[in-house]
Amino acid sequence: MDNFLLQEIKNHTHKTKLITLVGGGGKTTTIYKLADSLKSNNSVLITTTTHMFHPHKQVDHVYFKELPNVNYQNTAIALFDIYNKGKDKVDGFSNDRIDRIKESHIVDYILNEGDGSRRKPLKCYGKHEPMIPMSSDIVIIVMGADAINKPLSEEVVHRLKEFKEATQIQEGDIITDDVIIKLLTHSKGFLKGIPKNATAYILFNKSKTYPLEFNQTLFADKLFSITDKYEAIIYAEMTSFEVLEVYQRSNYINKKVE
């Protein structure tokens with residue numbers, strides 16, 4: 001069966017589709033897996049509205065400042081503003097610049113990394129985050145399953161102070177599924193910055209390596225009864241690009257991938 005997330009992205013009808021990924025626990029891996037799958041018969045651009053490591057061999061070509069006017073069909077490319085060789089990191093563009101790149105229709109798909117997590121599985125937003133362009137068609141909120149049922153600490157969560165404010169728990173308290181619901185439904189949590197017309201998905205990455213020990217049906221019922229902002233909850237293992245289970249808001253039905 002096709003990857004649910006990949007199919008949802010393909011189903012969008014815009015000429016150029018802009019997908020912004022935020023959160024922690026596998027954003028960059030997800031971006032590269034999606035790019036590799038989408039580039040067949042399409043053109044894919046990877047960029048960021050924050051900072052990320054230089055992709056090097058993860059894409060076919062890397063450009064800075066501007067894109068040359070060539071045919072990008074069947075290609076995954078990257079475009080950034082500046083390369084910091086010492087840190088091996090790139091700086092990206094403003095939200096407005098990404099919106100303008102989308103309007104140019106030079107590629108079919110744009111995959112944008114919209115915040116940083118310092119390689120931690122979970123995070124909350126800082127004051128300046130998230131950097132989600134207004135023309136984003138899809139927003140994917142990524143969380144590492146390895147953070148669930150762990151004590152809250154700096155090792156597990158990026159921006160600990162903001163996380164505690166949004167979830168009302170303290171260091172050492174267990175990060176339960178109810179804590180995640182608070183994070184997903186708080187105005188300063190992951191509801192922040194989602195454009196009005198964007199479709200938002202929750203992606204629990206590493207769910208095969210770290211099976212989640214909570215009632216996923218009950219979790220979906222609770223979340224979807226509080227907010228209608230999320231289209232689906234996806235449990236996946238992105239290193240192998242596997243979608244394990246999907247709960248869609250429209251029917252709350254657990255769909256297992258056979």
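## Strand E8 and its parallel neighbours

Leu 21 stands opposite Glu 113 of strand E8. In this predicted model, strand E1 (residues 17-23) and E8 run parallel and are joined by five bridges. Strand E2 (residues 43-48) is also parallel to E8, again with five bridges. The bridge partner of Thr 48 in E8 is Glu 113.

E8 itself spans residues 109-113 and is mostly covered, with five of its five residues buried. Both faces of the strand are covered. Tyr 109, Leu 111 and Glu 113 are buried on one side, and Ile 110 and Asn 112 are buried on the other.

## Helix H4

Helix H4 covers residues 160-167, and its buried residues are Leu 160, Phe 163, Ala 166 and Thr 167. Viewed down the axis of H4, these buried residues fall within an arc of 125°, so they line one face of the helix. The elements covering them include strand E9 (122-123), strand E11 (157-158) and helix H5 (177-185).

With a relative accessibility of 61%, Gln 168 counts as exposed.

## Packing of H4 and H5

Two packed helices are described by the angle between their axes and the distance between the axes. For H4 and H5, the angle is about 95° and the axes are 8 Å apart. The range for a roughly perpendicular pair is 65 to 115 degrees, and H4 and H5 are therefore roughly perpendicular to each other.

On the H4 side, the contact is made by Phe 163, Ala 166 and Thr 167; on the H5 side, by Val 179, Lys 182 and Leu 183. By class, this contact of H4 with H5 has four nonpolar residues, one polar and one charged.

## Burial of H5

The buried residues of H5 are Asp 177, Val 179, Ile 180, Ile 181, Leu 183 and Leu 184. Val 179 and Leu 183, both buried, are also among the residues of H5 that meet H4.

The buried residues of H5 pack against both strands and helices. The strands are E9, E10, E12 (199-205) and E13, and the helices are H4 and H6 (216-226). E9 is also among the elements that cover the buried residues of H4.

## The three-stranded sheet

An open sheet of three strands has the order E3-E7-E6, and its pairing is antiparallel. Strand E3 (51-53) and strand E6 (82-84) are the edge strands, each pairing on one side only. On average, neighbouring strands of this sheet are turned by 30° against each other, direction ignored.

E3 and strand E7 (residues 89-91) run antiparallel and are joined by three bridges. Within this pair, the bridge partner of His 51 in E7 is Asp 91.

## Backbone features in loops

The peptide bond joining Glu 129 and Pro 130 is cis, with omega about -5°. Pro 130 lies in the loop between E9 and strand E10 (138-144).

Phe 241 has a positive phi, near 55°, and is a residue other than glycine. It is located in the loop between strand E13 (230-237) and strand E14 (242-248).

Technical notes. Residues numbered from 1 in each chain as written. Predicted model: local features only at pLDDT ≥ 70, side-chain atom pairs only at ≥ 80, totals over all residues. Heavy atoms only, no water. Buried < 20%, exposed > 50% of the residue type's maximum accessible area, 1.4 Å probe, protein only. Helix = DSSP H or I, 4+ residues; strand = E, 2+ residues; numbered from the N terminus. Arc of directions from axis to C-beta. Contact = heavy atoms within 4.5 Å. Axes fitted to C-alpha atoms, helices over the stretch in contact; angles between N-to-C directions. Parallel < 35°, antiparallel > 145°, perpendicular 65-115°, else oblique. Nonpolar A, V, L, I, M, F, W, Y, C, P; charged D, E, K, R; others polar. Pairing = 2+ DSSP bridges.
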